[in-house]
2 protein chains.
Amino acid sequence: MHDPRQSPLSESANDLGASTALFADLYELTMARAYFDLGMNDTSVFSLFIRKLPPTRNFFLAAGLGTLLRDLTEYRFNQRALDYLASLDGKFPDPFLKWLEKVRFNGTVRAVPEGTPIFPMEPILEIEAPIGVGQLIETLVMNRIGLETLLASKAARVVTAAEGRMVADFGTRRAQGTDAALRGARAFWIAGAGGTSNVLAGERYGLPVLGTVAHSFIEAFPSESEAFKAFAEIYPGTTLLIDTYDTLVGVRRLVELIHSENLQIGGVRIDSGDLLELSRATRLTLDEAGLTEVKIFVSGGLCERKLSALLAAGAPIDGFGVGTEMSVSSDAPALDIVYKLTSYANEGRMKMAPGKRTLPGPKQVFRRYRDDVAVGDTLTRADETAEGEPLLAAAMVDGAISPTSQLELNQIRDYAAQQIGRLPTAVRSVEEATPYTVDVSPRLAADEAALEQRITERALVE
Amino acid sequence: MHDPRQSPLSESANDLGASTALFADLYELTMARAYFDLGMNDTSVFSLFIRKLPPTRNFFLAAGLGTLLRDLTEYRFNQRALDYLASLDGKFPDPFLKWLEKVRFNGTVRAVPEGTPIFPMEPILEIEAPIGVGQLIETLVMNRIGLETLLASKAARVVTAAEGRMVADFGTRRAQGTDAALRGARAFWIAGAGGTSNVLAGERYGLPVLGTVAHSFIEAFPSESEAFKAFAEIYPGTTLLIDTYDTLVGVRRLVELIHSENLQIGGVRIDSGDLLELSRATRLTLDEAGLTEVKIFVSGGLCERKLSALLAAGAPIDGFGVGTEMSVSSDAPALDIVYKLTSYANEGRMKMAPGKRTLPGPKQVFRRYRDDVAVGDTLTRADETAEGEPLLAAAMVDGAISPTSQLELNQIRDYAAQQIGRLPTAVRSVEEATPYTVDVSPRLAADEAALEQRITERALVE
């Protein structure tokens, strides 16, 4: 049995290899050098959160923490990275580079578990580390968590719309790069997809891999029937693609072959045309031939709204291959995700630029339930308690991953299904819902007001 | 001097490492096995093209070929990949895996050079290889060329809108993954961006790296003035961020410091608020203080339309930091890019599924010019000639990269600027233009009609 955790392929699977630390915006390095020169290395808290929901999302599904935690344990600047930085016009003198060489991530990460539904302004994670180190990892943290949360949040909608039918991730070819394709497969699985067409993702994450045949295969044969026969004899029980020339002709040909040649067919796939009409006509043809066991899969430009519409109209579809729309989260291809300093040297920090406010200090989120349905969250200071279940927990302490954060992907997937299931029906649905309530605790609100006043006064006297 | 071509970091820069061949959709492998079992290994031609323009694009800028060609020279299934495939429920028996172990890409690639503006239905590249091999690389080809073409096409618009002002790529944090961030930086450079904030991309591709300071730095100090002073003393001539608390207060503080402390400042950056009003007021404050040399950079949610609007209103802006919108091509986050079998065993192939037609056989594109302005393209058979300059040329022959395809990134960038400059003004602009004319040659149209008839007749008699 293939165990992805043991696989040497997985070992080499970090797309950035030894260069992880250099996956940074330049200003993180220039700031880190300034902190170094100035001897500023007090503890900072940075908070990662999303400022607002896109119109077509009712919640986000947090994902990517496992990926990030591994990066952080391996975080270092190797000699090549240091040589490159030394080549940049004297921006980074030797003493700083010597410090950088010794930088490891020994900080603390508090985070919501992967698979947790979250809302705007709620911390996905908080990093506690010396300010230079907390700053250096900014872009890595944002990109890693941002990507998987973006894609898991989209996929959760698609899975909901599929009403229990299989959703296969067919998005690799149109994903925005190889990393998005691979981590997308991971995020889609967390959100409840049934498998992926991406073989490397299957290997890397231990996911079911799916797929049988493309139009090019059918076209390579003198006739469609010959192609059907050739493929089904090699792969008994396979799914055949029937829309290369004419879907309804294709299914009739297939029925004839099943009877005349005793072909074993598990399903058919329709990849174009009016999927409602074609799936109905195909089902009818199959059923009339006694092939009630043969399943119908559809694909081609699908998204959660099309899935809902097809199922609402009663389309006899057993599974969906969803590609582009899910793989790039096409209706909301980026999140307004930010990574903000909220505390330095035990004092709250915040930005006051218009529309870009940050709540100060380390925080916690409590989720309240009534009859096991979430009814609202309270954003509090980290040292408060409030009604409900706290969402953030230690994921890494002093650079070591917490045992509770070393979850199997299937555990994360089960947890996500359970937590999504506890959301109010409207919030879970693909229709726009009344925003879920997130309150700010009186003490946190007071902290914000006090800090705002301090900053404003300082501005006046300065 | 740092030479990215010599860097060991660049050597390890393939994000997929030894796993490149496994970055495939499962059906490519199941089809390849069927071709192997059936002894079908005649030469195929696959064509990569984009079916249609998104509403907000007048052309695409081809990019990613250099990335892909390197992948193809390194293409192979290593033992780990083979072991994984062997673990998949008997889908891939030993004889096929033994064949797969020997697979190399020894085919031919004809392609438009990177940096060529292209239009719907025009081949970006054509792959000629035994059908199994041509099929195996499908997803890799689509993902690689699709990503960079998507992002270069978006960036070309942003660069046009900037009217010669610097466009800095600030997109890494919100890009869809690390691969998109890194190859995005490459694509943006090809399209004319002036540099990137992504340090690893700078190292990997030899690009200028940009960036100075973030809000968190300002917030870490007891006052904004102290932060300004500390940073500018370490980095004389730097650009300071002035909108952390209040932009106009910030710029006045900065002016005082420049005079009282003799700080050397090259520029200021405004990252929020009304960028037109704030840039005007900032310019006025700076000019009145005799600081006419201090430049103004802006960032924050920018796209080509906002750039155009700012410059049309006369905003005194010297450069733009563009992030999210460019890094995910937010108005068109995926291309309708496809990879289609167009010939097998020297006979044209095409799909007839509704709305998804493919023109048969290997092709060429000729671009006609009048007074050095492109006036239309003709899509022809590969063995035809037509008026104008042919766009596709051999990029790889029998698995070896053609010398003419081993271009420096700067050569590609210059070529792109030149070719975009030869497009009609309306097509180059960010406004929607009348579609550029792409004709199909009479002989290619006749091939299509003949093949369509052959397929239809076959369907009747079958």
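**Chain B strands**

I started at B:Tyr369, which stands opposite B:Ala374 in E15(B). A note on sources: this is a predicted model, where local features need pLDDT of at least 70, side-chain atom pairs count only at pLDDT 80 or more, and totals for chains, interfaces and linings use all residues. Residues are numbered from 1 along each chain as its sequence is written, while chains are lettered from A and ligands numbered from 1 in the order in which they are written.

I then looked up the strands: E14 (residues 363-370) and E15 (residues 373-381) of chain B run antiparallel and are joined by eight bridges. Strands (E, at least two residues) and helices (H or I, at least four) are DSSP runs, numbered from the N terminus; two strands pair if DSSP finds at least two bridges between them.

**Chain A**

Next I checked E8 (residues 238-241) and E9 (residues 265-270) of chain A, which run parallel with four bridges between them. A:Thr239 has A:Gly267 in E9(A) as its bridge partner. From E8(A) the chain passes through helix H12 (residues 247-261) of chain A to E9(A), a right-handed β-α-β crossover (clockwise from the first strand over the helix to the second, with the strands pointing away from the viewer).

Finally, I noted that chain A has 18 helices and 19 strands.
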